[in-house]
Structures are given as structure tokens and as C-alpha cells.
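Hi everyone, thanks for making time.

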Amino acid sequence: MSGQIHAALSAQAEALGVSHRVMVSGAGHDAMIMAGFAPTGLIFVPSRGGISHAPEEWTDYAQLARGIDVIFATIRQMAGAMPR
């Protein structure tokens, strides 16, 4: 994963007051394929009971919205930092 994107995601999470931590995922995600083509970042949002990659997985809409807020703020910040 891109260090620049990681730093930007972390900074935006902090600016929005969203708690976060660095995690290493052993699961395969599309992001690991995309990282071969373009700088890539990945966030996880908490699922109820910590259940992931199973039919019982459920993530509350409020958690999804917080993740979207972080991604949106990061994209806006990075797009503004891009040379024109």
C-alpha cells in the first residue's frame, strides 16, 4: 500500500475525529491487485462482533458512512494537492 495514501487517510481520520489504527490484513483484496498499477490505500470499518468474510458479517450504516467520510475527505485533499 502507498505510504502517501496511508498518511493521507490517517490525517483525514484524525481531522474528522475518527478513531483508527494500522492493521496488517492477511486477506486478499482488490487493493493488492490495483497496487501493481497505481498508488493504493485500503481502509477497514468495524463489523458487528468482529465477524468478517462470513455470511454473518454486518457493518452498521453509521460505520460505513464514517469510512466513506474518511475516503471522501482524503480524495478531496489529495486532488487539491495534485499539480494542474
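Predicted model: local features only at pLDDT ≥ 70, side-chain atom pairs only at ≥ 80, totals over all residues.

Residues are numbered from 1 along each chain as its sequence is written, and side-chain values use heavy atoms, with hydrogens and water left out.

Okay, the answer: Ser-47 is buried, with a relative accessible area of 14%. Buried here means under 20% relative accessible area, exposed means over 50%, and partly exposed is in between, using a 1.4 Å probe and protein chains only. You'll find Ser-47 in the loop between helix 2 and helix 3. By helix I mean a DSSP run of H or I with at least four residues, numbered from the N terminus (strands are E runs of at least two). The side chains of Ser-47 and Thr-59 are joined by a polar contact of 2.7 Å. A polar contact is a pair of N or O atoms within 3.5 Å; within protein, one must be able to donate a hydrogen and the other to accept it, and residues adjacent in sequence count only if both atoms are side-chain atoms. Setting aside neighbours within four places in sequence, Ser-47 is in contact (heavy atoms within 4.5 Å) with Glu-57, Trp-58 and Thr-59.

That loop, between helix 2 (30–34) and helix 3 (61–81), also holds His-53. His-53 isn't a glycine, yet its phi is positive, about 55 degrees. And His-53 is exposed, with a relative accessible area of 57%.

Now over to helix 1. What are its buried residues? They're Ile-5, Ala-8, Leu-9, Ser-10, Gln-12 and Ala-13. Gly-3 lies in helix 1 too, but at 53% relative accessibility Gly-3 counts as exposed. At the start of the helix, a side-chain oxygen of Ser-2 comes to within 3.3 Å of the backbone nitrogen of Gln-4. After helix 1 comes Gly-17, with a positive phi near 75 degrees.

Last stop, the largest nonpolar core: Ile-5, Leu-9, Ala-13, Val-18 and Val-70, 5 residues in all. Helix 1 (residues 3–16) gives the largest share of this core, 3 residues. Such a core is a set of buried Ala, Val, Leu, Ile, Met, Phe, Trp, Tyr and Cys residues joined through side-chain atoms within 4.5 Å.
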